[in-house]
Amino acid sequence: MIYNETLSLLKSAVSARYPETAPKAFVRTFGCQANVADSERLKGMLFEAGFEFCDYPEDADLALFNTCAVREHAEDRVFGNVGAMKPVKEKNRGMIIALCGCMLQQEHIADKIRQSYPFVDLVFGTFAIPRFPSLLYTVLMSGKRVFDTDLENPNPCEGLPIYRERRFKAWLPIMYGCDNFCSYCVVPYVRGRERSREKSAVIEEAKKLIHDGALDITLLGQNVNSYGKNLSEKIGFPELIRELNALDGNFLIRFMTSHPKDCGEELFTAMRDSEKAAKHLHLPFQSGNNRVLNAMNRGYTREDYLRLIYAARQIMPDISVTSDVIVGFPGESYEEFRDTLKLIEEAEFTSLFTFIYSKRRGTAAEKLPDPVPHTEKAGWMEELLRLQEGIAAKRTAGSINKVYKVLAEEKAAKGGYLTGRTEGNVNILFGGGEELIGTFRNIRVKNAENWILYGDIVTENHT
């Protein structure tokens, strides 16, 4: 059964089980923005079925954990959080505990939950998200455990409801899955092969988001540069950027993630020509050594990558470039790691997402010899972070006295400040009251730290 066919049944089951007050759901999301977007759809289904939401699992009638499989640390956090639910379930036998997402699309993880966590009631993978109402209905009516980790690769499911905490920020998936099969990455196995959404569906969802007040829209895909390859209509990602830019409204378009092997000047030109497109490129390079890149199955060389960076900056001189890097890939030597440091020095990234290699079951890299101990890799990581910290400090200092159009997103932890992001995805704090949250303001930078800018509103005439 698909979503629309089971919603009414689920509503009836929820009303019968909780006749006096609306049941409460706690939803915890681990991992990337794609998981956040999935959770918004899961919460949309729960809301339509009659659930309200709470901030603590102890207060919930349903606790749902949406999981991430990219690194071992993320999986360990999930197991720790789920293990902590056992005494909660013992106090509230009627509570439903559910696990979903990338981790559960792995057979060995689903088997571990089945055998070692008998208090978990519902387990389903990424492909089963549209079937969530049917699965929850079965749990409510039968009282039995339900597992759905079918690996059938569906087409993108349209029409699912979305529940967003903040109306002015939105995630917009344009495609799902990945065809790249990088040797260290489990994503193609847990999210399937690439499936692009029809352009009409993307445009219509964008129009609805804008109508509902979205001002900052992030397009999501494991490799957005591959958008459109499986569609009958001839369209690529640069064309999609241009068509979204042409929509009426005052909003900002962001996207992630680009893959270097499919990235090029056509995209950079579309970004330059689209006034609503943020001049920010997140382009993971992962390693600066060609042998390691080949072992990673990345499909480009360090020279290819640097040519892209130079081309992007020639077309958009003020573009902000961020990236991902893996330290300590199996077999990587210190001299090869030094090539990564040299690339960082040349590219001068605004910021980096850095990770020590994490072995993933079922990937090609799992079988590679890995003689360098973790303690040594951690030392390499510290060296990399010191280098990037100096580069970031230099780049943020160059922002002083510049004016940026910034969306006020929320109150900052530092009293009296609001926080937002520049187009280049740099955090900026500025003074202002809560009434400004959800509006654009022009901010002049007056001070800079390594990762954060501080500024003042320079005019109320914002555009």
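Author: Let us start with a term. A nonpolar core is a set of buried Ala, Val, Leu, Ile, Met, Phe, Trp, Tyr and Cys residues joined through side-chain atoms within 4.5 Å. This model is predicted. Its largest nonpolar core has 58 residues. L219, F237 and F268 have the most contacts inside this core.

Reader: Which helix gives the most to this core?

Author: Helix 12, residues 302-315. Helix 12 supplies seven residues.

Reader: What is F237 in contact with, leaving aside its neighbours within four places in sequence?

Author: F237 is in contact with I174, L219, V224, N225, Y227, F255 and L267.

Reader: How do you know that R197 is buried?

Author: Buried means under 20% relative accessible area. R197 has 3% relative accessibility, so R197 counts as buried.

Reader: What makes R197 and E158 a salt bridge?

Author: The cut-off is 4 Å, from a side-chain nitrogen of Lys or Arg to a carboxyl oxygen of Asp or Glu. The closest N and O atoms of R197 and E158 are 2.6 Å apart, so the pair is a salt bridge. The pair links distant parts of the chain, 39 residues apart. R197 is in the loop between strand 9 and helix 8. E158 is in the loop between strand 6 and strand 7.

Reader: What of D179 and R193?

Author: Their side chains meet in a salt bridge, at 2.8 Å from N to O. This pair also links distant parts of the chain, 14 residues apart. D179 has a relative accessible area of 32%, so D179 is partly exposed. R193 is at 44%, so R193 counts as partly exposed too.

Reader: Why does the pair K207 and E204 count as a salt bridge?

Author: Their closest N and O atoms are 3.6 Å apart. That is within 4 Å, so the pair qualifies. K207 and E204 both lie in helix 8, three residues apart, about one turn of the helix. Salt bridges that share partners also join K169, D216, R254, E409 and R421 into one network. The structure holds 31 salt bridges.

Reader: What makes strands 17 and 18 a pair?

Author: Pairing needs at least two bridges. Five bridges join strand 17 to strand 18, so the two strands pair. They run antiparallel. One of the bridges has Y417 with G431 as its partner in strand 18.

Reader: How do you know that the radius of gyration agrees with a compact globule?

Author: With 463 residues, a compact globule would have a radius of gyration near 23 Å. The protein chain has 23 Å, so the two agree. The C-alpha atoms fill a box of roughly 60 × 60 × 50 Å along the principal axes.

Reader: How many residues of the protein chain, as a percentage, count as buried?

Author: Of the 463 residues, 55%. The chain exposes about 20500 Å², and carbon and sulfur atoms supply 49% of that.

Methods. Residues are numbered from 1 along each chain as its sequence is written. This is a predicted model: local features need pLDDT of at least 70, side-chain atom pairs count only at pLDDT 80 or more; totals for chains, interfaces and linings use all residues. Side-chain values use heavy atoms; hydrogens and water are left out. Buried means under 20% relative accessible area, exposed over 50%, partly exposed in between (1.4 Å probe, protein chains only). Helices (H or I, at least four residues) and strands (E, at least two) are DSSP runs, numbered from the N terminus. Contact means heavy atoms within 4.5 Å. The radius of gyration is taken over C-alpha atoms; the globule rule is 2.2 Å times the number of residues to the power 0.38. Accessible areas come from the Shrake-Rupley method with a 1.4 Å probe; for residues, only the protein chains shown count as cover.
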